[in-house]
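We will go from the whole chain to single residues, one stop at a time.

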Amino acid sequence: MTRILIVEDDRATSRLLQGLVESWGYASTVVGDGKGALAAFGGAVTPRVVLLDWGLPDVNGLEVCLRIRALRLTPQPQILMVTA
């Protein structure tokens, strides 16, 4: 099953995104900051898709995107940047 990582610091928005993703039949993990997003790539199950908020409280979305790409994962996860 495809795992989608939702990186969003706003609780209402993350719940909305999680509900949509799971209603479409995907598994999801929700984290509220960039450090949590990067930590999600250290486990046995790697997210295939990332819904990434641009404005995060610690590391901004662009930096998280660059760091994920620098991991040189095969295959690379698809990253969709979300912003207000």
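What follows is a short tour, starting with the overall fold and ending in a loop.

**Before you start**

This is a predicted model, in which local features need pLDDT of at least 70 and side-chain atom pairs count only at pLDDT 80 or more, while totals for chains, interfaces and linings use all residues. Residues are numbered from 1 along each chain as its sequence is written, and side-chain values use heavy atoms, with hydrogens and water left out.

**The whole chain**

Helices (H or I, at least four residues) and strands (E, at least two) are DSSP runs, numbered from the N terminus.

Now zoom out. The C-alpha trace spans about 30 × 30 × 20 Å along its principal axes. A compact globule of 84 residues would have a radius of gyration near 12 Å, and the protein agrees, with 12 Å. That radius is taken over C-alpha atoms, and the globule rule is 2.2 Å times the number of residues to the power 0.38.

Of the 84 residues, 36% count as buried. Buried means under 20% relative accessible area, exposed over 50%, and partly exposed in between (1.4 Å probe, protein chains only).

**Stop 1: strand 3, from end to end**

Select residues 49-53, which form strand 3. Begin at Val49, and leave aside its neighbours within four places in sequence: Val49 is in contact with Thr2, Arg3, Ile4, Leu5, Gln78 and Leu80.

Move along strand 3 to Asp53. Is Asp53 buried or exposed? Its relative accessible area is 9%, so Asp53 is buried. Beyond four places in sequence, Asp53 is in contact with Val7, Glu8, Asp9, Gly61, Met81, Val82 and Thr83. Take Val7 from that list: Asp53 and Val7 are 46 residues apart along the chain, yet their C-alpha atoms are separated by 5.9 Å. Show side chains here too, as that of Asp53 reaches the backbone nitrogen of Gly55 at 3.4 Å.

**Stop 2: two serines**

Select Ser28 in strand 2 (residues 27-31). Ser28 has a relative accessible area of 12% and is therefore buried. Which side chain does the side chain of Ser28 meet in a polar contact? The partner is Gln18, at 3.4 Å. A polar contact is a pair of N or O atoms within 3.5 Å; within protein, one must be able to donate a hydrogen and the other to accept it, and residues adjacent in sequence count only if both atoms are side-chain atoms. Not counting residues up to four places away, Ser28 touches Arg3, Ile4, Ile6, Gln18, Val21 and Glu22.

Next, pick Ser14 in helix 1 (residues 11-23). Ser14 is buried, because its relative accessible area is 7%. Beyond four places in sequence, Ser14 touches Glu8 and Val30.

**Stop 3: a buried loop residue**

Go to Val59, in the loop between strand 3 and helix 3 (61-70). Val59 has 11% relative accessibility and so counts as buried. Outside four places in sequence, Val59 is in contact with Gly34, Val64 and Arg67.

**Stop 4**

Finish in the loop between helix 3 and strand 4 (78-82), where Pro75 lies. Most residues other than glycine have a negative phi, and most peptide bonds are trans. Thr74 and Pro75, however, are joined by a cis peptide bond, with omega about -5°. Arg72 is found in this loop as well, and has a positive phi of about 55° although it is not a glycine. At 70% relative accessibility, Arg72 counts as exposed.

Note on methods: Contact = heavy atoms within 4.5 Å.
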